Amino acid sequence: MTISSSIFKAYDIRGIVGKTIDRDVAFHIGYALGCEVLERGGKSIIVGRDGRLSGPMLAAALAQGLQASGVDVVDIGQVPTPIGYFACYQQIEGRVHDSCVVVTGSHNPTDYNGFKMVVRGQALYGEQITGLYKRVLQQVQLGSEQCLAASGVPGTYQCHDIGPAYLDRIVQDIQLARPLKLVVDCGNGVAGAFAPALFRALGCEVHTLFCEVDGRFPNHHPDPAQPENLQDVIHALATTDAELGLAFDGDGDRLGVVTKSGAIIYPDRQLMLFAKDVLERHPKSTILYDVKCTRLLAPWILQHGGQPFMWKTGHSLIKSKMQECDAALAGEMSGHIFFKDRWYGFDDGLYTAARLCELLSRTANPSAVLEALPDAYSTPELHLHLPDGVNFTLITQLQQQAVFPEARESILLDGLRVEYPDGFGLARASNTTPVVVFRFEADNEAALVRIQEDFRRVLQEQGHTALPF
């Protein structure tokens, strides 16, 4: 068998089922991951999976590989990715298991799947995932029959339902001032098995959309970062008495928010509301945000007594940086929000939505609060689809060759973010799909168009004319 290096991404493993990921690949990844757990002094690992059709097969093979390495497996079944992270902090039959792997394709198309991994409390990313790939290659050369525990004793296997403990933990933490009327759209992702129950337990009235878990995603793609996937929420808000719309991605670690009037409140603006609240209890704390976020966020954080810190995009990269700088809160434009205040520091769409409801329940008009947050003329994420690897090549070329005469500065932290006196433009290579992601923001529409034209010029110089803007 062959193992494609293309599935080992910057902060997780992701590929096409039957082409780059199958049962054998999952077994070898499980064995390699188990060896990593053992070398770091662990003995057990949590295994969960989202609602994709290939999930049971891949999770079973993964567990077999983990057990073959000598690691004990606790299978928590079909759950959102954040519940896998949550399980690492809980005692299960008197024992804490601080490693986990969730079989998930996140928001990728239906034929994708992959693995998000935490070892001894640390999310794997970068060179750690490259190291895992090297382990797998060595194992493949030896053959599956050689993948035996060093002790000769395979790990144990048990099942555990962690869902009730997770829901109870959030219900005990969140205090609503009044019940809210919500539209909840899970896009047939795995969050649908938990989100309606959570918000009803909090006392909310819930109008559900596509909360039946179906790995084919028959209604719309479960990616709330794209406005077209929020149209059903917008329609439901317009035709019911619901006050607020909540939408979740395929594995439940990201949140989309829509107001009664149909306005999409992007995560960088959500982060403003959360930062204000967190900084009231933790003044001078660091608030982390990724390169795709609005330039209005840093002044807002400073105004409310915090320390803004821009960082690279990627859930594993953000979590690692949060630990390094002891940040109380972090967020990404894609919808990942990370609370260290009252929570565990991992990205969790359901908990984030519950915290949002807590804040908005204190007002008679939640939409007015959200729509009053500082805003600018901006685009959502715009994607230029390219052959695998070409996206990274293009970004390197832009970093080295592109000239923006009217720009104030260029930030090369993650891709190319060009700051102008009246806005910014961003181009970065996605680490999960072969696309270049663009985002633009400005003080007014004319400035937005001008900045886009500046980027169009440099991209055309590189031979790219079919652009998404």
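Tutor: The lining of the largest pocket divides into 16 polar, nine charged and seven nonpolar residues; here Ala, Val, Leu, Ile, Met, Phe, Trp, Tyr, Cys and Pro count as nonpolar, Asp, Glu, Lys and Arg as charged, and the others, Gly among them, as polar. This is a predicted model, in which local features need pLDDT of at least 70 and side-chain atom pairs count only at pLDDT 80 or more, while totals for chains, interfaces and linings use all residues. Residues are numbered from 1 along each chain as its sequence is written, and side-chain values use heavy atoms, with hydrogens and water left out.

A pocket is an open set of points on a 1 Å grid over the protein atoms alone, where a 1.4 Å probe fits and protein lies on both sides within 12 Å along at least five of seven lines; lining residues have an atom within 4 Å of a point. The space in the largest pocket is about 520 Å³, a volume being the space filled by probe spheres set on the points, which are joined across faces, edges and corners.

In total, 32 residues line the largest pocket, and those nearest its centre are His107, His383, Ser430, Thr432 and Thr433. Two or more lining residues come from each of the strands β7 (112-119), β20 (382-385) and β24 (435-442); strands are DSSP runs (E, at least two residues), numbered from the N terminus.

Technical notes
Helices (H or I, at least four residues) and strands (E, at least two) are DSSP runs, numbered from the N terminus.
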